[in-house]
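This report goes through the side-chain contacts of one protein chain. Please look at the sequence and the structure first, then read on.

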Amino acid sequence: MRIKNIIVVAILSLYSFVVTSQEGLPVYSDYLTDNYYLIHPSMAGIANCSKVRLTARQQWFGQEDAPKLLTLSINGRLGESSSAIGGILYADKNGYHSQKGAYATYAHHLLFSRSETDLNMLSFGLSAGFIQYQLDETDFLNDAPIRDPIIGGIVQSATNFNIDFGFSYHFLDFYAHGTIKNVLNNSGINNDIQITSNLRRYLFSVGNVFSKFGSAWSYEPSILFQYKDGTKEALIDFNAKVYKQMDFGKIWGGLSYRQSLDGAEYLTSSGGINSQKLQQITPILGVNYNNLMFAYTYMYQTNAVVFTNGGFHQLSLGYNFNCRRERYECNCPAVN
């Protein structure tokens, strides 16, 4: 019975690795911590400063092999030109599954306004990168005397190449972004299975910043919609942020609510069948002190059937350099 359970776990783990661990950089709520470049390549170099951002995400403190994610990104303009470059490194681990990736980005920004006073800009971005996927089977059998042929007992790995493409449009205090992630079919692992070869994800976000003239306060509602082509899953984020301008920089906070548009069925304790949709609430706190940025993100999952409701912690550190004057008369934190 013990060997049978191990085999079942191994098969489920392998399937989970193939289906979920190949998606590249996960889309969490870290883009709200002044880091839209993580999900939209067209945002590379759009700000008045070049930016370095480091994030560390840990889920379920106290649980062995709990999911964790590290990202490091940098982006900025090429001198005074309309072109920009960027790069992302990340490491994502979830139990026996892990992936490491590296992306390089080129972006171009077209200014439509007659002067830099009024913001009216269309941007395009292209990211290309390699992702290495790994499945650690070394502990699957736990030194059991009987070995199963489907379990190699080694660290399996494969490397794939893929590209992301997107656009951004900024008009005064309004913005919209659209990105296609994993444009190419994945040929590295199980290319014959559609769900693993098609990892394409569509992202679209829109928002606006509101404030009264002369006020130190500003407010930014936004929405992010994402759709996974292979699995037909859809999710939507409803976000709200508030900023307070200070002498040393800016303090800000926000709240994000993520809702899946697709449900999953499960058996209740009484033997009935129920369904639930993913629901997450994420508060965010941040501060910009001169050229430094610090943010903390906590995520709470409200579903009835979960491993644990809370325990999703993320820290973000940032540094701005090669800064130029604020060119646009707008409430546009991502640009000015």
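A residue counts as buried when its relative accessible area is under 20%, and as exposed when that area is over 50%. The model discussed here is predicted.

Serine 222 belongs to strand β9, which covers residues 217-228. Is serine 222 buried or exposed? Its relative accessible area is 5%, so serine 222 is buried. Leaving out residues up to four places away in sequence, serine 222 touches Leu32, Tyr36, Tyr175, Val206, Gly207, Asp237, Phe238 and Asn239.

Glutamate 220 is also placed in strand β9. With a relative accessible area of 6%, glutamate 220 is buried. Which residues does glutamate 220 touch, not counting residues up to four places away in sequence? They are Tyr175, Asn208, Val209, Asn239, Ala240, Lys241, Tyr243 and Pro333. With two tyrosines, the side chain of glutamate 220 makes polar contacts: one of 2.6 Å to the side chain of tyrosine 175, and one of 2.4 Å to the side chain of tyrosine 243. Glutamate 220 and glycine 254 are 34 residues apart along the chain, and their C-alpha atoms are separated by 8.9 Å.

**Salt bridges**

How many salt bridges does a search of the whole structure find? The search finds eight. The table gives some of them.

| Aspartate 34 | Arginine 53 | 2.7 Å |

Aspartate 237 and arginine 258 are both buried.

Aspartate 34 and arginine 53 meet in a salt bridge of 2.7 Å. Their pair links distant parts of the chain, 19 residues apart: aspartate 34 is in the loop between α1 (2-20) and β1 (50-59), and arginine 53 is in strand β1. Arginine 53 has a relative accessibility of 2% and therefore counts as buried. A network of salt bridges links Asp34, Lys51 and Arg53.

**Aromatic rings**

The count of aromatic pairs comes to six. Tyrosine 90 is in strand β3 and tyrosine 103 in strand β4, so the pair ties together parts that are 13 residues apart in sequence. Tyrosine 90 is buried, at 4%, and tyrosine 103 is buried, at 9%. Elsewhere, ring pairs join Tyr31, Tyr36 and Tyr175 into a cluster.

Charged side chains also sit over rings. The charged end of arginine 57 is over the ring of tyrosine 28, 3.7 Å from its centre. Lysine 241 lies over the face of tryptophan 252, 4.6 Å from the ring centre.

**The nonpolar core**

The largest nonpolar core has 34 residues, and among these Tyr36, Ile39 and Leu119 touch the most other members. Elements giving two or more residues to this core are β3 (83-94), β4 (97-111), β5 (120-136) and β13 (292-301). Isoleucine 39 touches Val27, Tyr31, Thr179, Lys181, Leu203 and Leu224, not counting residues up to four places away in sequence.

Notes
Residues numbered from 1 in each chain as written. Predicted model: local features only at pLDDT ≥ 70, side-chain atom pairs only at ≥ 80, totals over all residues. Heavy atoms only, no water. Core = buried A, V, L, I, M, F, W, Y, C linked by side-chain atoms within 4.5 Å. Buried < 20%, exposed > 50% of the residue type's maximum accessible area, 1.4 Å probe, protein only. Helix = DSSP H or I, 4+ residues; strand = E, 2+ residues; numbered from the N terminus. Contact = heavy atoms within 4.5 Å. Salt bridge = Lys/Arg side-chain N within 4 Å of Asp/Glu carboxyl O. Polar contact = N/O pair within 3.5 Å; in protein donor to acceptor, adjacent residues only side chain to side chain. Phe/Tyr/Trp six-rings, centres within 6.5 Å; stacked < 30°, edge-to-face > 60°. Lys NZ or Arg CZ within 6 Å of the ring centre and 35° of its normal.
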